[in-house]
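Here is a short briefing for a first look at this protein. Start with the sequence and the structure shown here, then read the points below.

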Amino acid sequence: MKIAGSYSFKNGEKVISKRYSKLLDEVTRVIKLVDAPQHKSKISKEKTMPGRQLFSPRSINKSFKTEFAKLDWNPVRVACQYSDEHNSSDYETRLASRGAFREMDFVKEKLGVEVQFGKYAFMVYNVCAKMTIFHNLGHIDFGIEIVPVKAFAEEMSTGVSYFEQFIWDLEHRG
């Protein structure tokens, strides 16, 4: 794969380039090692594109996982303990929190990386919620979100998030 675009949110790219230059080089290397054509293996069952060969997000994610693991980037998982404070008395939160967790795809030296080739809501959640949560819990200081550009996303199932869409949203959210 190639890096088709870059967007710095809250001056993050400048800080990451300076503070984590070695790790940024590793992220760049991993992206380049993921061979996109190899992952065009999904046959669409969608009404709008039946039988069309598409890129497989699962296959792409697996490749990212393999390459990041080779460089000692690891997922970080935190257990969720939900409170009963806001529930009615007949609802047991302890059952809802059993096995609940949040996970960041890859973390190394307090730099987090999320790879998102899925639906739009997950991309927004990664940056606007998950990275903030993992920062507040002390697991990361900064984060990088890897997403496809629109031209690449059009070769995937419908509803996949893309870079240009996310930039627009970040710049207009206030």
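**A loop residue to begin with**

Met156 sits in the loop between helix H6 (150-153) and helix H7 (163-172). Helices (H or I, at least four residues) and strands (E, at least two) are DSSP runs, numbered from the N terminus. The model is predicted: local features need pLDDT of at least 70, side-chain atom pairs count only at pLDDT 80 or more, and totals for chains, interfaces and linings use all residues. Residues are numbered from 1 along each chain as its sequence is written, and side-chain values use heavy atoms, with hydrogens and water left out.

**Met156 and its surroundings**

- Met156 is buried, with a relative accessible area of 1%. Buried means under 20% relative accessible area, exposed over 50%, and partly exposed in between (1.4 Å probe, protein chains only).
- Leaving aside neighbours within four places in sequence, Met156 is in contact with Met49, Leu54, Phe55, Ile60, Phe117 and Pro148. Contact means heavy atoms within 4.5 Å.
- The C-alpha atoms of Met156 and Asn11 are separated by 31 Å. Along the chain, these two residues are 145 residues apart.

**The whole chain**

- The protein chain has 7 helices and 6 strands.
- Along the sequence, their pattern is α-α-β-β-α-β-α-β-β-α-β-α-α.
- Taken along the principal axes, the C-alpha atoms fill a box of roughly 50 × 45 × 35 Å.
- Of the 174 residues in the protein chain, 37% are buried.
- Among contacts in the protein chain with a separation of 6 or more, 66% join residues 24 or more positions apart.
- The protein chain exposes about 10,800 Å², and carbon and sulfur atoms supply 53% of it. Accessible areas come from the Shrake-Rupley method with a 1.4 Å probe; for residues, only the protein chains shown count as cover.

**The sheet**

- An open sheet of 4 strands has the order S3-S4-S5-S6, with mixed pairing. Two strands pair if DSSP finds at least two bridges between them.
- S3 and strand S6 (142-146) stand at the edges, each with a single partner strand, so one side of each is left without a neighbour in the sheet.
- From one strand to the next, the twist averages 35°. Axes are lines fitted to C-alpha atoms, for helices over the stretch in contact, and angles run from 0 to 180 degrees between N-to-C directions.
- Strand S5 (residues 111-115) pairs with S6 in the parallel sense over 5 bridges.
- Glu114 stands opposite Glu145 in S6.

**Helices on the sheet**

- H1 packs on the sheet and touches S5 and S6. The direction of H1 makes about 110° with that of S6.
- Helix H2 (residues 21-33) lies across strand S4 (101-108), S5 and S6. H2 runs at about 15° to S6.

**A glycine in a loop**

- Gly118 is placed in the loop between S5 and helix H5 (120-136).
- Not counting residues up to four places away in sequence, Gly118 touches Gly159, Val160 and Ser161.
- Gly118 and Gly159 are 41 residues apart along the chain, and their C-alpha atoms are separated by 7.7 Å.

**Positive phi values**

- Lys10 lies in the segment before helix H1 (12-19). Its phi is near 55°, a positive value in a residue other than glycine. Lys10 is exposed, with a relative accessible area of 70%.
- Asp72 lies in the loop between helix H3 (57-70) and strand S3 (74-79). Its phi is near 65°, a positive value in a residue other than glycine. Asp72 is exposed, with a relative accessible area of 55%.
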